[in-house]
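Here is a briefing on one protein model. Look over the sequence and the fold before reading the points below.

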Amino acid sequence: MKDLNPVITGRKTSIFEVMSRLAIENDAINLGQGFPDTDGPEDVRRVAAEATVEGPNQYPPMMGVPALRQAAADALQRHYGLSYDPGDEILVTAGATEALAAAFSAFITPGAGEEAVIFEPAYDAYFDMVEGAGGVVKPVPLTAPDWALDEEALDAAIGPETKLIVLNTPVNPVGKVFTQADLEAVAKRALEHDLIVVSDEVYEHMCFDGRRHRSIAALPEMRERTVRMGSAGKTFSLTGWKVGYTAGPPDLIAAMARAHQYLTFATPPSLQKAVAYGLNKDTAYFDGLAADMQASRDRLARGLTEAGFGVLPAEGTYFLTADIAPLGFDDDVEFCRRIASEAKVAGVPVSAFYHATNTAPPRNFVRFCFAKQDTVLDAAADRLRSWIDR
């Protein structure tokens with residue numbers, strides 16, 4: 001048999017898996033991987049349970065059960081004034097991550113040297129998926145501490161081989177919410193250069209301090225060149241369900257569906273029915289989710305500040321970025337290894353969210369997830385404070 005090692009080593013283990021393993025090995029509080037430590041709404045879970053018992057439990061339609069496609073279309077209309085036909089403009093996937101894989105597989109021609117612009121720091125899957133689909137990553141750094149968009153750097157990254165722009169707002173890992181001006185800057189380039197925008201909006205209902213999520217698809221002329229992705233895992237704190245939904249124009253959705261049929265083909269029908277129920281919840285649920293997450297953000301921010309970290313603004317998501325320079329550290333990877341083994345708290349080094357071509361990413365930032373119970377956040381802050389003060 002041929003040596004498989006080059007195939008196996010061609011893709012690295014995700015930083016989330018690395019840090020979660022360290023957390024388990026050291027019995028550490030895991031503020032590294034981004035998942036809540038409580039399950040989502042009981043009524044949504046009961047709908048899933050009842051639908052599983054009642055059935056059917058066979059393959060649902062490849063595009064998704066009609067109820068969920070309609071609910072996703074209704075939600076986009078209600079929240080953002082975006083109108084989509086559930087028949088051919090909504091696709092249900094096995095989480096937003098599979099939607100991303102389907103998009104890159106559909107839109108990138110292997111071997112053609114087509115490029116994808118990605119703002120970094122970024123969810124590390126973007127880099128691997130684009131390159132796995134045969135594309136070339138063109139990273140554009142956001143500038144700390146407010147992770148500002150550099151339009152000159154964006155212009156420099158776009159060339160004749162650029163095929164698409166990957167947009168994520170609110171941003172994992174650093175919690176930036178793209179402003180209207182930011183979105184207009186991205187849209188301007190997409191229109192000028194005839195680019196597709198792959199817009200990852202899974203944290204759409206977690207914007208803080210009075211901010212509201214904006215979708216780039218709502219800007220003039222952008223709906224027809226944008227696929228935007230949502231996630232039941234994030235919206236309902238049910239990350240293990242892996243139910244995602246993508247909206248876009250028929251030609252782009254059809255291309256994604258052709259890729260999706262050979263990735264997972266379908267998502268469990270009972271979970272889809274429950275998510276459809278959840279998306280029809282009234283505004284109070286979505287506002288409450290943002291308020292609860294904001295309170296958790298503030299709680300962890302206080303604890304980290306008291307421990308001596310510099311805490312950067314977090315405008316959305318599950319994540320807080322902490323500056324370790326005030327503590328006298330300048331290597332985020334080593335810092336995360338030490339706190340996992342010595343302080344018994346796991347975080348994620350932000351340098352892991354930069355592309356390999358960036359030879360000098362900032363090394364003084366650590367990402368912590370605050371989508372946890374108050375007692376867990378307090379315990380983590382206490383452990384870090386005790387370790388720093390030792």
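Helix 10 (residues 250-260) lies across strand 2, strand 6, strand 7 and strand 8, and runs at about 25 degrees to strand 2. Helices (H or I, at least four residues) and strands (E, at least two) are DSSP runs, numbered from the N terminus. Angles run from 0 to 180 degrees between N-to-C directions, with axes as lines fitted to C-alpha atoms, for helices over the stretch in contact. The model is predicted: local features need pLDDT of at least 70, side-chain atom pairs count only at pLDDT 80 or more, and totals for chains, interfaces and linings use all residues. Residues are numbered from 1 along each chain as its sequence is written, and side-chain values use heavy atoms, with hydrogens and water left out.

- Seven strands make an open sheet with mixed pairing, in the order 2-8-7-6-5-3-4; two strands pair if DSSP finds at least two bridges between them.
- Strand 2 and strand 4 (136-141) are the edge strands, each pairing on one side only.
- On average, neighbouring strands of this sheet are turned by 20 degrees against each other, direction ignored.
- Helix 4 packs on the sheet and touches strand 2, strand 7 and strand 8. The direction of helix 4 makes about 115 degrees with that of strand 2.
- Strand 6 (residues 196-200) and strand 7 run parallel and are joined by four bridges. V198 has V227 in strand 7 as its bridge partner.

**Strand 8 and its two partners**

- Strand 2 (residues 90-93) pairs with strand 8 in the antiparallel sense, over four bridges. The bridge partner of T93 in strand 8 is G244.
- Strand 7 (residues 226-231) also runs antiparallel to strand 8, and four bridges join them. Here S231 stands opposite G244 in strand 8.
- Are the residues on the two faces of strand 8 (residues 244-247) buried or exposed? G244 and T246 on one side are buried, and so are Y245 and A247 on the other. Buried means under 20% relative accessible area, exposed over 50%, and partly exposed in between (1.4 Å probe, protein chains only).

- Another open sheet has four strands in the order 9-10-13-12, with antiparallel pairing.
- Strand 9 (310-311) and strand 12 (348-349) are at the edges with a single partner strand each, so one side of each has no neighbour in the sheet.
- Strand 10 (residues 319-323) and strand 13 (residues 365-369) run antiparallel and are joined by five bridges. F319 stands opposite C369 in strand 13.
- Helix 12 packs on this sheet, touching strand 9, strand 10 and strand 13, and its direction makes about 15 degrees with that of strand 10.
- Helix 13 (residues 332-343) lies across strand 12 and strand 13, at about 45 degrees to strand 13.

**Helix 11**

- Helix 11 (residues 269-279) is mostly covered, with nine of its eleven residues buried. Among them are P269, L271, V275 and L279.
- The cover over the buried residues includes helix 3 (42-54), helix 4, strand 2, helix 9 (232-235), strand 8 and helix 12 (283-307); contact means heavy atoms within 4.5 Å.

**Cavities**

- How many cavities of 30 Å³ or more does a search of the whole structure find? The search finds two.
- A cavity is a set of points on a 1 Å grid over the protein atoms alone where a 1.4 Å probe fits but cannot get out, and lining residues have an atom within 4 Å of a point. Grid points are joined across faces, edges and corners, and a volume is the space filled by probe spheres set on the points.
- The largest cavity has a volume of about 100 Å³. Of its 13 lining residues, A75, L76, E204, R228 and Y245 are the closest to its centre.
- Helix 4 (66-80) and strand 8 each supply at least two residues of this lining. Helix 4 gives the most to the lining of the largest cavity, with five residues.
- The second largest cavity has a volume of about 60 Å³. Its lining includes F119, Y126, V166 and F178.
- Strand 5 (residues 162-168) gives the most to the lining of the second largest cavity, with three residues.

**G113**

- G113 lies in the loop between helix 5 (95-107) and strand 3 (115-120). G113 is partly exposed, with a relative accessible area of 28%.
- Leaving aside neighbours within four places in sequence, G113 is in contact with V136 and E161. The C-alpha atoms of G113 and E161 are separated by 6.6 Å, while the two residues are 48 residues apart along the chain.

Conventions. On a 1 Å grid over the protein atoms alone, a cavity is a set of points where a 1.4 Å probe fits but cannot get out, and a pocket is an open set with protein on both sides within 12 Å along at least five of seven lines; lining residues have an atom within 4 Å of a point.
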